[in-house]
Amino acid sequence: MTHISPIFNVAQVRKDFPNLHILVHGRPLVYLDNAATTFKPQTVIDAIEKHYKTETANVHRGVHYLSEKATAEFEGARDKIKNFIHAKQSCEVIFTRGTTESINLVAHSYGRHFLKEGDEIIISEMEHHSNIVPWQMLCEEKGCKLKIIPFNDAGELLFDEFKKLLNSQTKLVSVVYVSNSLGTINPVKEIITEAHKLHVPVLIDAAQAVTYHSIDVQELDCDFLAFSGHKLFGPTGIGVLYGKASLLNTMPPYQGGGDMISKVTFEKTTYNVLPYKFEAGTPNVADAIGLGAAIDYLQTFGLDNTLQHKKELLDYGTQALQSIPGVKIIGTAQRKTSILSFTVDGIHAHDIGTLVDNEGVAIRTGHHCNQPVMQHFHIPATSRASLAFYNTKEEIDKLVKAVYKAKKVFE
Ligand code: PLP
């Protein structure tokens, strides 16, 4: 059954994504690996092609027609992102390579400048490695301590434990909005409110959340927010760090080079204003424009109008997978996105992944860059089906059939 609403119609939307219509091992592809990366609508592909075919130029540098055109498109993409996340100003949107680089930027610039020995950083047990390792590196360098908010066996953060961790030594909280392996939607608004009572800034890893529902950084009142274009139906190699201008202005540049300077002499260099202070060198112009096109595309129906469909997919998929003997869902939080991690008794996730791939079904298997999550559940890996708005119940049926077939191989 496909979800049809006046604004959002799955069958219609699927036509916009060429990659959904390929054959894999001679079968129509069933793509259920959207937490890893999403497919791109034709309009995104067209926008990138147009830039390379007829509008290639460097930005912020030339007075010639093409350079001004490329600059306008590039800065136009920044404005689209500002509106998409409801930032106050476009200068609060920094282009990066993705979530990972955005978090590293904060760790290197904010962290190295403001944190000192004995300071504490709070993260959670369900962070992606990109929101663990940069802080570990910083702690090693500065002598800071990393504190971890634990979660229960449903995959829900223990809020009271978080409150106990917060104290006068806490200098930063960095938490994931939506877990990529458990699907849990964390109470980030409450976390931010609590941290702000002690004037502690909060970074939100929105890599998965930004593709799920609309985000309002002013309403959340987060200090930083990071996400990747490729998970938002846009290109790889482009991402965003949102930061409050008041904070970004206090932070030193992350990298040095062209565009991030105001004046250079051998005696002294002064730095450019936001956002350019954090964008050294030629930026990823084409993919920023592609990300802008992805946002335009999403606004034709509105991400929030896909929520009902994704909830139906989650409920349907949960029921269907749970009905397979030996299958256990990992991550059963009350508030969850359409991410379904599971184990199958007696079969390693990689074997499941390979066998369902033979049926044309693409899922992710492994630790999902969430090794501490796997350690919590004492498992090496899970199989993960992550569903986007363009997925259907028929595709879930194909996954279930493929898992049954895989089980037969091992019987
Ligand atoms: N954070 C979360 C929750 C993720 O799911 C991912 C990627 O899977 C990342 C961070 C890292 O994103 P990227 O590899 O695009 O930088």
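Guide: A residue is called buried when its relative accessible area is under 20%, exposed when it is over 50%, and partly exposed in between, using a 1.4 Å probe and protein chains only. His-199, at 72% relative accessibility, therefore counts as exposed. The model is predicted, so local features need pLDDT of at least 70 and side-chain atom pairs count only at pLDDT 80 or more, while totals for chains, interfaces and linings use all residues. Residues are numbered from 1 along each chain as its sequence is written, and side-chain values use heavy atoms, with hydrogens and water left out.

Visitor: In which loop does His-199 lie?

Guide: Helices (H or I, at least four residues) and strands (E, at least two) are DSSP runs numbered from the N terminus. His-199 belongs to the loop between α7 and β8, where β8 spans 202-205.

Visitor: What is the phi of His-199?

Guide: Most residues other than glycine have a negative phi, and most peptide bonds are trans. His-199 is not a glycine, yet its phi is positive, at about 60°. Phe-233, also not a glycine, has a positive phi of about 65°.

Visitor: Is Phe-233 buried or exposed?

Guide: Phe-233 counts as buried because its relative accessibility is 2%. Its place is in the loop between β9 (224-228) and β10 (239-243).

Visitor: Which residues does the cis peptide bond join?

Guide: The cis bond joins Leu-274 and Pro-275, with omega at about -5°. Pro-275 occupies the loop between β12 (269-271) and α11 (285-298).

Visitor: What lies 2.7 Å from a polar side-chain atom of Gln-208?

Guide: It is an oxygen atom of the ligand that lies at 2.7 Å from that atom of Gln-208. For Lys-231, a polar side-chain atom is placed 2.6 Å from an oxygen atom of the ligand. In the case of His-230, an N or O atom of the side chain is 2.8 Å from a ligand oxygen. Taken alone, the ligand exposes 390 Å², of which the protein buries 86%; these areas follow the Shrake-Rupley method with a 1.4 Å probe, and for residues only the protein chains shown count as cover.

Visitor: Which side chain does Ser-174 join in a polar contact of 2.7 Å?

Guide: A polar contact is a pair of N or O atoms within 3.5 Å; within protein, one must be able to donate a hydrogen and the other to accept it, and residues adjacent in sequence count only if both atoms are side-chain atoms. The partner of Ser-174 is the side chain of Asn-131, at 2.7 Å. Ser-174 sits in strand β7 (residues 170-176), and it counts as buried because its relative accessible area is 0%.

Visitor: Where is Ser-179 placed?

Guide: Ser-179 is in the loop between β7 and α7 (188-197). Ser-179 is buried because its relative accessibility is 0%. A polar atom of the Ser-179 side chain is 2.9 Å from the backbone nitrogen of Leu-182.

Visitor: Which side chain does Asn-83 contact?

Guide: The side chain of Asn-83 makes a polar contact of 3.4 Å with that of Lys-82. Asn-83 is part of helix α3 (residues 65-85) and is classed as partly exposed because its relative accessibility is 45%.
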